[in-house]
Amino acid sequence: MIRTQQARTDAAATGTLDKAADENFPVAPFFLPRAWRDDLMAVYGFARLVDDIGDGDLAPGGADARHLGLEPGQTEDRLAMLDALEADLYRVFAGSAEVPRHPLLRALRPTVRGCALTPEPFLGLIEANRQDQKIRRYGTYAELQAYCELSANPVGRLVLQITGTSSPERIRRSDAVCTALQIAEHLQDVAEDLGRDRIYLPADDMDRFHVRESDLAVPSGGASLRALVAFEAQRAHDLLDEGIPLVGSVNGRLKLLLAGFVAGGRAALTAISAAGFDVLPGPPRPTAPRLLREVGVVLRRAHREG
């Protein structure tokens with residue numbers, strides 16, 4: 001696991017970075033240049049910290065709250081934690097006299113400066129998690145897409161900025177991939193999200209397929225829920241297809257990294273399909289061999305369509 005020097009000394013930060021191994025896609029694979037790996041892990045550390053605050057998944061003991069200048073008992077006050085994190089984020093972009101308090105944000109500062117990153121993508125991730133504390137249901141697919149614009153798309157845009165390959169067309173296709181990855185994760189985690197009183201299946205789609213909230217709170221999904229999951233999975237699959245030309249638009253090791261992102265989404269959707277679209281017993285997860293096969297598929301398609 002790649003860790004920056006600043007984060008390496010803090011157990012809570014290390015635990016956050018170690019979650020990269022559980023993602024559907026490779027975060028900072030070994031074949032990338034060391035500078036890219038460090039920068040990608042710095043961004044991942046921030047994004048994972050924001051999500052952990054929003055989901056209440058921080059390490060016990062209150063270390064993250066203390067880092068952010070709060071009392072350990074305030075860890076459960078997620079909005080206060082997010083506000084404190086935003087204040088620390090602004091220290092990342094301030095002059096050298098302002099030192100970020102959290103080790104993961106101190107580790108982010110060299111990446112921000114070296115890659116000339118702006119605050120907007122990071123602020124989007126924070127706002128998405130604020131939204132998670134206030135909005136528990138989404139009425140339409142358009143509303144869900146607007147949420148993904150905050151919760152997922154900034155990550156892809158940061159990858160393009162870090163690698164010096166950002167352009168309007170690449171951003172458009174990256175957004176499609178990131179939204180697809182977010183939808184796939186939501187489908188995998190329907191039961192877990194319901195336990196947090198969150199439903200990311202659009203209400204109008206649930207009505208269309210005659211799925212009620214009570215249908216999500218059973219050990220195994222019925223035919224209507226499976227049909228709904230298959231419908232949403234196809235949406236995600238179509239978005240991933242939009243992203244394949246992005247893979248073909250770059251060269252070298254970056255091509256393999258972006259293929260890994262698209263392949264991770266495809267492999268997750270394949271796992272959902274292999275489970276008969278029944279996501280309630282537990283999150284269907286892709287295997288490593290399946291991910292590698294999907295990387296090959298994406299690279300071949302990118303070559304043909306390029």
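**Close-up views of a predicted model**

**View 1. Confidence along the chain of the predicted model.** Across the chain of this predicted model the mean pLDDT is 93, and 92% of the residues reach 70 or more. Residues 1-9 have a pLDDT below 50, and this stretch makes 27 contacts in the model beyond its near neighbours in sequence. Where pLDDT is low, the predicted coordinates should not be read in detail.

**View 2. The largest cavity and its lining.** The structure holds two cavities of 30 Å³ or more, and the largest cavity has a volume of about 110 Å³. Lining this largest cavity are 14 residues, of which H186, L187, V190, Y200 and L201 are the closest to its centre. Two or more residues of the lining come from each of the elements α10 (168-188) and α11 (190-195). By residue class, the lining of the largest cavity divides into 10 nonpolar residues, one polar residue and three charged residues.

**View 3. H210, a residue with positive phi in the loop between α12 and α13**. Most residues other than glycine have a negative phi. H210, although it is not a glycine, has a positive phi of about 60°, and its place is in the loop that runs between α12 (203-208) and α13 (223-248). The relative accessible area of H210 is 64%, so this residue counts as exposed, the cut-off being over 50%.

**View 4. F277, a residue with positive phi in the loop between α14 and α15**. F277 is not a glycine, yet it has a positive phi of about 60°, and it is found in the loop between α14 (252-274) and α15 (288-305).

View 5. A disulfide is a covalent bond between the sulfur atoms of two cysteines, and the structure holds zero disulfides.

Conventions:
Residues numbered from 1 in each chain as written. Predicted model: local features only at pLDDT ≥ 70, side-chain atom pairs only at ≥ 80, totals over all residues. Heavy atoms only, no water. 1 Å grid on protein atoms, 1.4 Å probe; cavity = no way out; pocket = protein on both sides within 12 Å on 5 of 7 lines; lining within 4 Å. Points joined across faces, edges and corners; volume = space filled by probe spheres on them. Helix = DSSP H or I, 4+ residues; strand = E, 2+ residues; numbered from the N terminus. Nonpolar A, V, L, I, M, F, W, Y, C, P; charged D, E, K, R; others polar. pLDDT = per-residue confidence, 0-100. Contact = heavy atoms within 4.5 Å. Buried < 20%, exposed > 50% of the residue type's maximum accessible area, 1.4 Å probe, protein only. Disulfide = S-S within 2.5 Å.
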